[in-house]
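Here is a friendly briefing for anyone meeting this structure for the first time. Take a look at the model, then read on.

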Amino acid sequence: MIQPNKIAILALTQIGAELARKLQALLTQQVQVVLPDKLATKNEIGYAHGQFKVSLAQAFTDNEAIICIMATGIVVRSLAPMIQDKMCDPAVLVLDERGRHVISLLSGHVGGANALATQVGRVLQADPVITTATDTEGVQALDVLAKQLNAWYPEFKTNTKWINGRLAAGKPVALWIDTPFKSLFLNTKGFTIVDSLTVADPRIPIIAVTDRLLTEKREQLIPVIPRLDVLGIGCRKNVTNDMMLSAFSEFCQQEQLAWHAIGQLASVEKKAHESAIHELAATLHVPVHFYSAAQLQASSRRYPQSAFVQKTVGIGNVACSAADYASGSPVVTPRFARHEVTLALGRIQKIEMSE
């Protein structure tokens with residue numbers, strides 16, 4: 001189940017405080033309890049009389065989810081000025097003080113409120129109240145499918161509304177899954193699985209789960225690009241940003257790889273000072289991880305060795321071993337070397353499944 005990991009639980013009364021503590025003990029995530037001063041213990045956040053809205057606003061900003069044990073009306077009125085967009089708002093749940101019902105109030109899909117409501121309902125033996133159309137109709141939502149894959153797709157709001165509306169209404173939506181991702185056993189309920197990108201009726205939209213560049217021309221085609229690829233990088237000392245970007249661009253072209261598929265960069269610690277690697281990470285908006293030669297030693301032995309690289313950084317190759325180690329699987333492309341840069345691609349093979 002994909003769900004928020006940093007959670008604040010807020011309550012107003014003694015009964016609510018007891019339920020908050022019980023829920024804190026039952027959840028596996030990082031949970032902070034926020035209560036009025038007169039109810040808070042030393043391990044809880046307390047707030048002075050009349051400061052509830054201030055504490056709620058702070059919790060809303062600092063956490064991936066907030067669980068409010070109080071009347072729904074209080075939560076709605078208090079949060080109204082803070083709500084911005086489903087892409088950035090945290091998940092919000094509301095529970096009654098007896099823990100009988102848990103309402104997924106805000107950010108059901110993107111923020112993970114629906115998944116969290118299901119989890120809370122299970123541990124408290126409460127009734128999850130989920131009102132998003134795809135969930136009530138028992139079909140998989142496009143944005144939830146994409147979240148499982150940490151995926152990108154174009155025109156997020158427009159396409160999410162369009163595709164989820166069709167799925168909830170029982171209208172056909174074709175789904176093509178590229179070979180590398182078929183083993184992930186995705187929840188595809190409601191979609192019509194197809195074996196190719198050619199669908200007989202051009203009016204039926206088709207979702208393509210792939211990390212490669214698509215050359216097919218079709219109006220109703222939406223690529224969903226999993227960000228599960230790890231780019232391993234090695235380079236000569238002080239390579240320029242232009243050299244790094246040129247190598248990356250040519251690598252993507254050679255492998256027919258969509259650049260959105262890169263979820264992280266990886267290299268050896270001795271390359272942590274190379275500004276071109278950090279510049280590429282910033283350009284792609286992804287993290288970069290540097291590993292010690294000792295960490296990469298075992299992975300390195302699976303690939304061709306270079307005596308020069310061994311002498312310079314302590315392992316016989318960098319790009320392949322870093323991609324292998326960071327992804328947890330052997331590389332899926334040959335080693336690529338141009339512009340004094342070496343690149344190789346690893347692909348994460350396991351994802352967290354949703355219920």
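**A first look**

At 5% relative accessibility, C320 counts as buried, where buried means under 20% relative accessible area, exposed over 50% and partly exposed in between (1.4 Å probe, protein chains only). This is a predicted model, in which local features need pLDDT of at least 70 and side-chain atom pairs count only at pLDDT 80 or more, while totals for chains, interfaces and linings use all residues. Residues are numbered from 1 along each chain as its sequence is written, and side-chain values use heavy atoms, with hydrogens and water left out.

- C320 is in no disulfide (a pair of cysteine sulfur atoms within 2.5 Å), and the nearest cysteine sulfur, that of C235, is 15 Å away.
- By this rule, the count of disulfides is zero.
- C252 is in no disulfide either, with the sulfur of C320 as its nearest cysteine sulfur, 16 Å away.
- C252 is buried, at a relative accessible area of 7%.

**The chain as a whole**

- The C-alpha trace spans about 70 × 55 × 30 Å along its principal axes.
- Of the 355 residues in the chain, 51% are buried.
- Contact means heavy atoms within 4.5 Å; among contacts between residues at least 6 apart in sequence, 62% join residues at least 24 apart.

**The seven-strand sheet**

- Seven strands form an open sheet in the order β3-β2-β1-β4-β5-β6-β7, with mixed pairing; two strands pair if DSSP finds at least two bridges between them.
- The edge strands, β3 (45–47) and β7 (127–129), each pair on one side only.
- From one strand to the next, the twist averages 20°; axes are lines fitted to C-alpha atoms, for helices over the stretch in contact, and angles run from 0 to 180 degrees between N-to-C directions.
- Strands β1 (residues 6–11) and β2 (residues 30–36) run parallel and are joined by five bridges, with A8 opposite Q32 in β2.
- Helix α2 (residues 52–62) packs on this sheet, touching β1, β2, β3, β4 (65–69), β5 (91–95) and β6 (101–106), and its direction makes about 165° with that of β1.
- Helix α4 (residues 113–124) also packs on the sheet, touching β1, β4, β5, β6 and β7, and its direction makes about 35° with that of β5.

**The four-strand sheet**

- Four strands in the order β9-β8-β10-β11 form an open sheet with parallel pairing.
- Its edge strands are β9 and β11 (221–224), each pairing on one side only.
- In a regular strand the side chains alternate between the two faces of the sheet.
- Strand β8 (residues 174–177) is covered on both faces, with A174 and W176 buried on one side and L175 and I177 buried on the other.
- Two bridges join β8 to β9 (residues 192–193), where T192 is the partner of A174.
- Four bridges join β8 to β10 (residues 206–209), where A174 stands opposite I206.
- Strands β10 and β11 are also joined by four bridges, and I206 has L221 of β11 as its bridge partner.

**A pair of crossing helices**

- The axes of α10 (residues 293–300) and α12 (residues 319–327) come within 8 Å and cross at roughly 95°.
- That makes α10 roughly perpendicular to α12, a term for angles of 65 to 115 degrees; angles under 35 count as roughly parallel, over 145 as roughly antiparallel and the rest as oblique.
- Q295, L296, S299 and S300 of α10 make the contact with S321, A322, D324 and Y325 of α12.
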